[in-house]
Amino acid sequence: MATHASCVPSSFFPSSCYASIRGGRRSTAAAAAAAATLPPNPTSHLCFGSSTSLRPKNSSSATTQRHDSSASAAASAVKSEDSKPIELTYLEGNSWLWDVEGLNILVDPILVGNLDFGLPWLFEGAKKVLGNFRLDDLPSLDCLLITQSLDDHCHVKTLTPLSKKMPDLPVIATPNAEAILRPLFSNPHCVYDKSFVENYQADILITPVIKQLLPLFTLVSGQEDAVQLAKLLKAKYIVPMNNGDLNAKGILSRILYSEGTIESFKIEIFECLLHGEKILA
């Protein structure tokens with residue numbers, strides 16, 4: 001059973017990476033392509049005022065909300081008067097481009113071929129909207145973030161040519177992805193400190209909320225786990241994902257099914273959380 005979330009503390013970035021990331025400027029999480037580099041009608045483009053992804057649970061930040069008419073109907077925006085915005089651009093599946101204060105971070109990219117876990121006859125998923133978005137369409141990158149080792153996050157067909165183009169790109173990943181990443185990139189930093197995360201509050205939580213199942217087996221956890229994660233991190237903004245929304249074929253696609261919707265997640269999260277969270281979807 002898999003639970004995915006993107007939420008990175010500043011200390012998650014090793015000190016050795018700071019010098020490589022825009023002259024050593026510290027940043028927490030980050031980066032989305034500038035709108036001009038994206039194809040028309042990206043699935044979702046979000047903008048946030050805070051410049052940090054995690055902060056101590058006793059801290060707070062003031063933000064005001066606005067709507068971005070240039071994005072799709074799913075896009076929402078939050079802007080702070082005293083900080084540059086965080087921009088999140090959804091590239092379908094589990095893939096994102098984040099921009100924090102000009103730092104570009106590519107998250108779980110699938111930009112070469114489709115998602116097939118090495119067994120296309122068993123399952124193959126193609127993007128519905130951004131199928132023509134490629135590595136060459138990316139802006140300059142400051143960091144690569146890989147949130148787990150499975151192919152829908154750590155996509156070797158994408159990472160191999162990316163590593164040839166940018167072998168010295170700083171890489172942040174979970175420990176289970178190290179064996180895949182170390183032959184490709186010069187110095188991937190693979191670490192996870194649960195005790196640290198438990199002591200911090202997230203500004204932004206990005207997580208799947210629609211359960212994906214096979215008979216007798218859960219592939220992706222749904223909104224129940226997402227609600228628990230939101231409680232743990234006390235996120236100010238929650239970005240729900242439907243990361244299984246792909247054009248799928250193969251044997252498994254015929255028996256794969258989903259439970260829950262983004263709308264039902266909104267209802268459950270508002271019933272459970274009383275900290276002024278905002279759902280951006």
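In the predicted model, Tyr-90 and Trp-96 are both buried. A search of the whole structure finds two aromatic pairs, and one of these joins Tyr-90 to Trp-96 in a tilted arrangement, with ring centres 4.8 Å apart and an angle of 40 degrees between the planes. Phe-117 and Phe-123 also form a tilted pair, for which the centre-to-centre distance is 6.2 Å and the planes stand at 55 degrees. The two members of this pair fall into separate accessibility classes, because Phe-117, at 39% relative accessibility, counts as partly exposed, whereas Phe-123, with a relative accessible area of 12%, is below the 20% limit and is therefore buried.

Two loop residues were also examined. Asp-142, located in the loop between β8 (124-126) and β9 (143-146), is buried, with a relative accessible area of 6%, and a polar atom of the Asp-142 side chain lies 2.7 Å from the backbone nitrogen of Asn-104. Ile-251, by contrast, belongs to the loop between β17 (247-249) and β18 (257-259) and is classed as partly exposed because its relative accessibility is 41%. Together with Leu-119 and Trp-121, Ile-251 makes a nonpolar surface patch of about 310 Å².

Among the strands, β14 (residues 211-214) pairs with β15 (residues 217-220) in the antiparallel sense over three bridges, and Leu-213 has Thr-218 of β15 as its bridge partner. These two strands form a hairpin with two residues between them, and Leu-216, in the turn, has a positive phi of about 70 degrees.

Definitions and conventions
Residues numbered from 1 in each chain as written. Predicted model: local features only at pLDDT ≥ 70, side-chain atom pairs only at ≥ 80, totals over all residues. Heavy atoms only, no water. Patch = residues over 30% accessible without salt bridge, like charges linked within 9 Å, V, L, I, M, F, W, Y side chains within 5 Å. Areas by Shrake-Rupley, 256 points an atom, 1.4 Å probe, with all protein chains shown as cover. Salt bridge = Lys/Arg side-chain N within 4 Å of Asp/Glu carboxyl O. Helix = DSSP H or I, 4+ residues; strand = E, 2+ residues; numbered from the N terminus. Buried < 20%, exposed > 50% of the residue type's maximum accessible area, 1.4 Å probe, protein only. Polar contact = N/O pair within 3.5 Å; in protein donor to acceptor, adjacent residues only side chain to side chain. Pairing = 2+ DSSP bridges. Phe/Tyr/Trp six-rings, centres within 6.5 Å; stacked < 30°, edge-to-face > 60°.
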